[in-house]
Amino acid sequence: MSAQATGPETLGSLSDEAQITDPNSKQAKEISGKSPMQIAFARLRRDKIAIVCAVVVLFFVLVAIFADLIAKAFGVDLETVTACEVLECNFANPGVGYPKTGPPFNDFDPSHPFGLAPRTGADNLAHWIYGCRTSLLIAGAATLFASVFGIIVGLVAGFAGGVVDKVLSFVIDFFLTIPFLLAALTIAPIIIDRFGTSDSYETVQIASLIGILSLFGWMTVARLIRGEVLSLREREFIHAARVLGMPTKRILFRELLPNLTAPIVISISLMLPAFVAAEAGLAFLGIGVTGSASWGQTIANAVPYWSNYSLYLWEPLIGVVALVLALNLLGDAVRDAFDPKTRR
Amino acid sequence: MFAYVVKRLLSGVVVLFLISMSVFLLFWYGPSEPAQTICDNDTSNRCTPARLEVFRENLGFNNAWYEEYGKFMKGVVAGREIQFGSTTKFDCPAPCLGYSYRTKAPVFEEMKDRMPATFSVALGGAFLYLSLGIPIGVAAARRRGTVADKALVSSFLVISSIPYYLFALLTWLFLTISWEIPLFSDTGYFPITDNPAKWFSGMLLAWLALGAFGCTSYTRYSRGSMVEVLNEDYIRTAKAKGLAANTVVYKHGLRAALVPVITIFGIDFGTLLAGTIFTETIFDIDGIGLWSLQAVAQRDLPVVSATALFGAAVLIISNIVVDVIYSILDPRVRLS
């Protein structure tokens, strides 16, 4: 039947949509089905705050990835210098321990755009760039491990039910009762002390932080996924897959997992900013990253110099706040996009 | 109800037992040389292998862990004697959580000394959570959809997205260091029995920082809960029969809306009691949080394990209390 056969003899088209003949035409694509992901992304693209936050996050990610190149472009590095070459070491002068060039007491110095750190003479810009890398590396890796582990535990607990579910739920509740900060405080120094030899110290420190953050971050994902699986596994398509004799592994990863995209994306959006904040917080307390550059560590170093050299504190602080804020607001927008009922 | 509480208490004891064992194992197998700290400390950093061996032997690090764990648990229940070096023995009455490696004082006694500081922080902060958060939340819910509501909700969202410790740090840096406001000049813990006014002014800034930050999430909870309740049929009925707007909102609405808020509050309050590490560090309050942080830096293992156990116990108890209170507040919830 031709598309224009709507003469008086026919009943006409049932819907007022244009009839499509060519499945590859532009119209055909417009009314084709959209996955929940696509719908969510379409909503996100219309959200102005989300776009701004995404740009900010992207900026930090690029800084982290190209840290070496950016540091080279500005001609700065993490190398420690002899402090008296760049700092005021003449004790007759006021401002002992403060940099000879740049802020706070001198004019802007283009070779050190963010100034120098008092007492150590380290370059602030280099520490800022590499601090960004440390922060995103630890938060990203911890998010990855925690969500993979949480998803597996949640899937198994929800799908297996019975004793397995009881045991896994108990483990989840057990980990939820442990106060995170206290646990991190207790475990981090011990692991670092145990495995950190002088040459591998930095790596061990970062690895142990990733381990601790993931160890105490997976429970919320697991709980969320378990709840979803509990309701999904009674749905017809899962019953059908079982009746057809599909292996359990296939049901879990091919049938269930794609339906869990929304809760997974939502929990990742919650975890990332929390981990960035936790990393900087632990470093601020002196039990996080100490071997390499970290924003939290710089903030702790800068507190005593606040009255004379507030710029030193503002630089890492703005880094942490901007990144965490952007990640949080972006996460909020993502949650709204997946579930319009929770509109703020 | 009674059976439920007993069941929860029993499972709480099991969890606490597991945590105490994990903490014990962590300190047993974790550090490469657990006796090093006390040996360094006792010999003014002239620790010889021979001296170290004496400490290892006396502290039981040469025995099997389960043997020592048994001794530790016996100490918690009935008290025990602790010997560090070759000569002096310390009597540690129940509940014995060990002797500090640094100060050679019973850990439990030191913890008792520091509890008032942490409790002061937690009580004041929690009071402000509720007394600021709920009224603002209710006001926003009554005006929902207006510009004021939207501005409030989005500004609070931004504040609560900033990490708490940076908020507290900036509060302290600006109010105490930069602007030198006399009221906030001397933060810290001063015993309330000595000088209540000084106690109040020392705590005030910590309370304000904690309360101002924490109330943002309580505003969101109570606003959300209130908006939901105000849409219920019985609220419409109350309005229809001509009750005053305030009576409807506060007597009929708020009571129902507060139930979920109170449960979240219970957990938060427990977390505060377990140790407000950032608040105590930034405002220099000598409570349990700061103590545990210092103990970690000094590798004072008995103190670290005691604070970890204390924190877990407080959280478990607050969880149980919240569940029981929830069932009292909301008769629809049946505990079983």
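Two residues are taken to be in contact if their C-beta atoms, placed from the backbone, lie within 7 Å. In this predicted model, the contact between chain A and chain B draws on 34 residues from chain B and 31 residues from chain A. On the side of chain B that touches chain A, at least two residues each are supplied by helices H1 (2-29), H6 (147-161), H7 (164-178), H11 (277-282), H12 (288-297) and H13 (301-329) of chain B. The most is given by H13(B), which provides eight residues.

The architecture of chain B was examined next. Its secondary structure comprises 13 helices and two strands. The C-alpha trace of chain B spans about 85 × 55 × 35 Å along its principal axes. Of the 336 residues in chain B, 38% are buried. Among the contacts in chain B with a separation of 6 or more, 66% are accounted for by residues 24 or more positions apart.

One helix of chain B was also considered individually. Helix H9 of chain B, formed by residues 233-240, is hardly covered. A residue counts as buried if 20 or more other C-beta atoms lie within 10 Å of its own, and the number of buried residues among the eight residues of H9(B) is zero. Just after H9(B), a positive phi of about 90° is adopted by Gly242(B).

Technical notes: Residues numbered from 1 in each chain as written. Chains lettered and ligands numbered in written order. Predicted model: local features only at pLDDT ≥ 70, side-chain atom pairs only at ≥ 80, totals over all residues. Helix = DSSP H or I, 4+ residues; strand = E, 2+ residues; numbered from the N terminus. Buried ≥ 20, exposed ≤ 12 C-beta atoms within 10 Å, placed from the backbone.
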